[in-house]
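Here is a short tour to read with the model open beside you. Take a look at the sequence and the structure first, and then we can go through a few places together.

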Amino acid sequence: MIIDSGHKRWAAVTTALAVVAAALYGVTVWKTPNGPSGGSWPGLLFGIAGSSLMLFAGLLSARKQVPTWRVGRASTWLKGHIWLGMLSVPLIAFHSAFRWGGPLEIVLWIVFGVIVASGLFGLALQQFLTRMMTTGAPLETIYEQIPQVCAAMLADSDALVAGVCGPLEGLPAPAAEAAGEKKGKPKKAEPLAGSGPLKEFYLHEVRPFLSDRFSRTHRLADAPRVAATFAQVRVVLPTTLHDAIEQLQARCEERRQLALQARLHHWLHGWLFVHVPLSVALLVLGVAHAIVALRY
Amino acid sequence: MLNDIQLPDVEVSRQHAQIEFVKSEYWITDLESANGTYLNGTQVPRARISVGDLIRVGDTELLFETGALQLLVLDGPDKGQRFAIETESVVIGRDTACEMRLTDVEASRRHAEIRCEDGRYFLIDAGSVNGTYRMGQRVREPTPLAPGDYITVGNTLLAFGTELDLAQQAESLAPRDFSGTMEPLTPADMVHYRDFAEISEDRWQKQFDYNDRAVARRRFRKGDVICREGDYGSTAFYILSGKVQMTISSPIRRAKKLRAKNESRGWFGFLRPNTSQLSAETDFMDDESQAERSIPIDAPSDLKFGDPMVLLDSGDLFGEMTCMDFYPRSATAIALEDCVLLEMMRNVLELLKKAKSFKAKLERSYRERALFEQLRNVREFADLPNEYIDQLRSRVELRSFDPGEVIFEQDTVGSSVFMVRIGFVQVVQHCAGGDVVLGYVSRGQIFGEMSVLTGGNHMAACRAIDHVEVVEIKKEDFEAVINRLPRLRAKLKANAERRRESNRVRLQMIPEIPIEQFVQQGLPVAQNTLMIDLDRCTRCDECVHACASAHDDGITRLLRDGLRFQNYLVASSCRHCSDPQCMIGCPVGSIRRRDTLEVIIEDWCIGCELCSKNCPYGNIEMHLFDVAKLEHLYEGQKPKIIDVDDPKRPGKKRAMLKRAVTCDLCVGLPEPTCVYACPHDAAMRVNPAEFFSRRLAVTVAPQATSFGSTD
């Protein structure tokens, strides 16, 4: 979620609540001779408030499971998740009176810290990665379809090159079929004059780049180098092949963009693999903490 | 006439006597034979006969036996099953306690009963969900049955009768699909038909020179399907004899919206999913639906919404639009009795329509049967008393236009109001930036009334998209009617002004957006598109999931893919275009535009796919619905079913129904679900012309515009 002027009100309310909580905490410190503790009434209130906010933050996932329920816009929930989740940090700190506590509490602190950090990390990534994807990968497709798009691109390229350079030897059976080498049927297309180097270039440079195993160190993975490489190829090959070369270049560019999209997608969503499971763990540990603290 | 029973007895006349079944009784009638007909030793001209009676004709004695009555499953999951009726009551259904047990999932547990009272058999509906039908008519009270009758129970077609009756019925049903015997005709044959007497043999010969099989005589047995809804074809049918029933087997279901504005949602209403569900109930009518609304079909009469069946008789022509413009068949035609039809290709139909007497006959038939209903169903005439409709009907003219022909030009004085009888009319406005299509008018809709009402010029031109026939109501006739009804006049005028204003506002926006690519993407004609701000979107697909959740079939109406404009993605979802090409050609007029200009697909879609193919942006999808889950909606009809592989049961098939679906903008909700569920404020429903007009004109130079497609 982009943090913009639409968050002003949330930021103001969160700050105000944090200030009020801090003031209350200050009063508690001042009025308590031995210093505040989590078990005191003010401490418990801070704990309940902080836990409630964490619980609310955790409900975002539940809210997403029922997108048709008219219980508030999803964006409002996310804003609440961000800001009230952040507000829970000082409240929990006031609850603990800035002490680590026992082993369970230490674990709780660590988990809580990682959750907050991962959340802020994800939020920070969303501020620029979405734009980066929009500008850097205008040919992006639906993430789940990237393998299919790449496979189709590879098959089309095989057919294209086989059409101008003749059959491509040594390809796996499906690819060979796509390239026109159907069993029992002789390849009709005769190789164009001077197409040998293109075939070599395709088999050794372009095809590995277009295949599943995308390598960021490949020379075609770098946009400026792609242009330079294909410009060189065009210089040495006859003009009859230039159309095919341009198409291959376009596919390399698309493959590069799809790889960029996949990479950015992993960054955009990868932090959730830390954030979400730990949030569940935090809620469970929080309940355990409450039971232990109240009972013992 | 051939005899059913031929006797090698010289004392028997050529046509001696006739046995017939009348109102559950057998009667014998002497056909003025030379030697008379004797029943149990007494000569009778006509008498009721019973089992065991002795009949003597000539020197031949016959013992009258009807044979045991049976039920035979002619079609359905239990096809071929027979059941002898030996008790006074036979219950048909899925329940194991039923005497005749069916496996048809469309049949209720106790679906129908056949009961014998005083020697007569009656068919009784046992409170079934889908209804019981005898000879295509729904059974609502005990209905007498006669040997040879067809009974429809769910998806099962049963025949009732003796062994002989059933054998004949099985034979008549054997060639069900387009099996009518085909006899190509010659010019000499054609001149013998009285209806076509005006056309000389030479003129027929010219047509046959182009195509010697341009017309054929086809015979259909009772129950034969002549053509099916949604199928493509290129011929029209003219009924020479017999009765034909036209119906759409599409279940009359309504997409009942739980989220309807007026529906009380209660204290816990917010927990109820805001989905739409398919329902057979007719209690929910959207704001523009009318109880008396009719479904236009390619036949002389339209179908009534609540009872979508129409009976055609000899002298009726159907399938004109399919023949002339290759539109899909709009309805299924079934022979209600043995029929003879002429099936003709376009050149023959054109020739017939040029013949004055034949044309006059068609027009007369149309005036008598369909015109009143069509005028009655025009929304603008909803308040018009019947006598005024009659007055209009008597004064209208029928006119034809060829494809592309202009019906009237923009800025000309309006002298008539038109109603479409056949075909599609394009309403187009010329403006500085080029022509803008304001809409399409199809069968039963009127156009040209705005200038007549307001007294000004036509603000748009109208031209025929295909072969169009219109009903022309002269200005003076129209005014004579509405001037006597000032309230109606005021209402029509207000409507006209409102439409004029909305067109003006829409057109104003277009010149403000001078970017060529914007036009190329079709965005000026889009009225309400789902835009995704890619700078905000994290590609979480919550919008897609929400859309899928909001529809009971679990299938999304939007795809987060499509054309891009700057940092905005124009998602693949219905744009509710101002030039809705999807509406051209719908054979039953189920895709239409609401007053709010949204394009909606009505419930009676027959799944012909034409709208899906016509949508330039691929935003109308054909979805498959599980028939088993919708059995309660068919009311005993036999929809066109597609068998697809069942993923849960390898090797097995599932019966599915194909229907067009498109985004309905989550009508009834303040905000579409996709937008509501976007956590990043990235998705929005906007009018692109309005949305981009400020942005593009001010902030972006055309050459800096990002433009591409992810397709």
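Which side chain of chain B meets A:Arg131 in a salt bridge? The partner is B:Asp535, with a nitrogen-to-oxygen distance of 4.0 Å. Please keep in mind that this is a predicted model, so every value below is computed from predicted coordinates.

## Where the two chains meet

Let us stay with the interface for a while. On the side of chain B, 35 residues are in contact with 31 residues of chain A. B:Asp535, B:Arg539 and B:Tyr676 are the residues of chain B that lose the most area to chain A, and together they account for 23% of what that side buries.

The size of an interface is often given as the accessible area lost when the parts come together. Between chain B and chain A that area is about 3,000 Å², and carbon and sulfur atoms give 50% of it.

## Charges and polar pairs across the interface

On the side of chain B that touches chain A, the elements giving two or more residues are helix 12 (542–549), strand 41 (559–565) and helix 14 (673–676). If you sort the residues of that side by type, you get 16 nonpolar, 9 polar and 10 charged.

## Chain B as a whole

Chain B has 711 residues, and 55% of them count as buried. Its secondary structure is made up of 15 helices and 49 strands. Looking at contacts in chain B between residues at least 6 apart in sequence, 66% join residues at least 24 apart.

## A buried serine

Is B:Ser330 buried or exposed? It counts as buried because its relative accessible area is 3%, under the 20% cut-off. You will find B:Ser330 in the loop between helix 4 (320–325) and strand 30 (332–335) of chain B.

A polar atom of the B:Ser330 side chain lies 2.8 Å from the backbone nitrogen of B:Asp298. B:Asp298 is also one of the residues in contact with B:Ser330 beyond four places in sequence, and the others are B:Glu229, B:Ile248, B:Ile297, B:Pro587, B:Val588 and B:Ile606.

Most residues other than glycine have a negative phi. A:Ala97 has a positive value, near 55°, and A:Phe98 has one near 60°. A:Ala97 lies in the loop between helix 3 (74–96) and helix 4 (103–136) of chain A, and A:Phe98 is placed in the loop between helix 3 and helix 4 too.

Their surroundings can be told apart by accessibility. A:Ala97 is buried, with a relative accessible area of 10%, whereas A:Phe98 counts as exposed at 54%.

## Cysteines

How many disulfides are there over all chains? The count comes to 0. For B:Cys540, the closest cysteine sulfur is that of B:Cys537, and at 6.2 Å it is too far for a bond. B:Cys540 counts as partly exposed, at 25% relative accessibility, while B:Cys339 is buried at 2%.

Technical notes: Residues numbered from 1 in each chain as written. Chains lettered and ligands numbered in written order. Predicted model: local features only at pLDDT ≥ 70, side-chain atom pairs only at ≥ 80, totals over all residues. Heavy atoms only, no water. Helix = DSSP H or I, 4+ residues; strand = E, 2+ residues; numbered from the N terminus. Buried < 20%, exposed > 50% of the residue type's maximum accessible area, 1.4 Å probe, protein only. Polar contact = N/O pair within 3.5 Å; in protein donor to acceptor, adjacent residues only side chain to side chain. Contact = heavy atoms within 4.5 Å. Buried area = accessible area lost by both parts, 1.4 Å probe. Nonpolar A, V, L, I, M, F, W, Y, C, P; charged D, E, K, R; others polar. Disulfide = S-S within 2.5 Å.
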